[in-house]
Structure formats: structure tokens, C-alpha cells
Amino acid sequence: MSFLKRAISRGISEGIGKAVSQAVTKAVEPKATEYANKAAQRLDNAANSNEAKVAKSGLEGAFANLERAAQNYATEMSKNVKICPECGQPAGIEMKFCQSCGAKLPEKTMAEEAVCPECGKQNAIGTKFCQDCGTKLPVAIAEENAKKAKDEAVMAQWSEKLAPFPVWTQGGCDYNIEDYSEYMTFGASFKGNAAAAQQAVMQYKQVLIENGFRPAGQYPSEGQLYKMIGDKCWNVDVEHCFDGDSDYPTICFAQREPTGGFNYVKPEKQDNPFGNLMGMFKKF
């Protein structure tokens, strides 16, 4: 990643948008180009490696100063910018509701959300913890609360969309319920922790069994659990929940019977009526 892109990404939160990024680029790019050209000339003219190292060191220092300038510029711009907690779009300081999705905007601007509530330091935009005392910043708390509210809203749909099945209480985040008409899916993220995801699915499978779900049909499988409720058969597929991502299990729910039916009974082996006759022939 180039210096300029790195400086902008560090100094500006993604939600501010292209306008601010372009403003920062315009503010620092000429100086960055000037430093780069001078440093390149010095490196070309360097008589030995020591001079080259000095030139390189000066270039790195100049870029570091420009990066701080970009961060400061972004902070100043962010004093008049709010970010929608729902869609992430930027909004002016005077606005109360997002023009993109209609969600209520936060009271604080991006810059205010980066001010430490303990020591009062104005931290760089995008910082989650205070650079002076380590206190969690309002922006980080707001993001956590927004994610929590989103997950709670998804789980509130469970009784409507997945009523026949036990509620998921096995953790994770970024919950999602998708309706595919013939079946529904529920997903939960474990953020790179595949072992925790596996454990959560095992726990949920145990909950299903405790609630009367079991393997059934002509080809019973521990990964396909069924339960009859009235005259309807309900199925939970935990066999393929990691086909997409190892840390994001997606469980499939459907109203369907297994091959052969829920109450399928394997036929008993019948005696061969010719068995005794064949035995008699063998004696002769």
C-alpha cells in the first residue's frame, strides 16, 4: 500500500467517504511527491551505502510527518461529520436522521466520539482506545452497542420465523436469518475462532436432542435431526453448516421428512424358503 493510501486509511474512518479522502489527498499529495522526488534524486546520487541510508531515513521521517498531518486534517474534517450507525453513510453535524436509510443519527460527531472520556485527549479518527490512557473510546462503545442491537433484532425474529426450533443461545455475533421459501438458515460469526464455532454447533445439537430432535428415516444421520410436531416433520441440518466458512456456521432449518418417512422401520430379514431344500441336496 502506498504512503498516501496508508495515511488516508489510518487518518480517516471509512464512513467519511470520498469527499474527505479527496480533500486529504489534495492537501498532502504535492508535498509527498516533492519529498519522494528529492529522496529519489539523493539515492541516485549517493556515493556509498551510508548516504543512501541517510536519504532513506529522511524520506521515512518526512512521510511520517505527512501521515500525522493527514490524521490531523481528518480529525478537523470529522468535527462536522456524523456517521449513520445503520448504513455507515456520512452526514452533516446539523442532521438528526440519515438521508440514506432514515436511521437516527448519533448526537456526537466522529471527532467527539474519539475524545477520551477519562483524560480528554482528542484521538485520531479510527482509534478505538485512548492513545494516552487506554480507555475505551465512545466510538468503540457505540459500535459494540450497534452490533448488539442488530443481533438482538435478528433474534427477535426467531419466534416468528423459526418457532418449531430451540432458540440459539450458543454465542457468536453478526447473526443472520435468511428465508429461502423452502428452507431457512441461521448464521453466527465466531471471528476466526473455528474451534469455538465447532463447540457452539455441538452444544446446539445437544439442545436439539434434548428437545426431541433425532436421526430418522431410511438413512439416519447424526447430522440430520428430525422431530414430528403434530402432523408436520421438522428438520435441522447441522451436517453442512461449515461448508462455507469454518468460523461462521450456517444451520439449515426446514419442514421436510427424511427418505422413507420419519417413522421408517427397517424390514426384518425374511427366511429363504428354499434354504432347507438346498441343504437336503447337499447331503446327497
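We can begin with a pair of strands: S3 and strand S4 (residues 184-189) run antiparallel to each other and are joined by five bridges. Within this pair, Asp179 has Met184 in S4 as its bridge partner. Please keep in mind that the model is predicted.

Now for the wider picture. The pair belongs to an open sheet of five strands, ordered S3-S4-S7-S6-S5, with antiparallel pairing. At the edges sit strand S3 (173-179) and strand S5 (224-229), each of which pairs on one side only. On average, neighbouring strands of this sheet are turned by 15° against each other, direction ignored.

Two helices pack on the sheet. Helix H5 (residues 138-155) touches S3 and S4, and its direction makes about 30° with that of S3. Helix H7 (residues 194-210) touches S5, strand S6 (232-237) and strand S7 (250-255), and the direction of H7 makes about 30° with that of S5.

Here are some of the strand pairs side by side:

| Strand pair | Sense | Bridges |
|---|---|---|
| S3 and S4 | antiparallel | five bridges |
| S4 and S7 | antiparallel | four bridges |
| S6 and S7 | antiparallel | four bridges |

Technical notes. Residues are numbered from 1 along each chain as its sequence is written. This is a predicted model: local features need pLDDT of at least 70, side-chain atom pairs count only at pLDDT 80 or more; totals for chains, interfaces and linings use all residues. Side-chain values use heavy atoms; hydrogens and water are left out. Two strands pair if DSSP finds at least two bridges between them. Axes are lines fitted to C-alpha atoms, for helices over the stretch in contact, and angles run from 0 to 180 degrees between N-to-C directions. Contact means heavy atoms within 4.5 Å.
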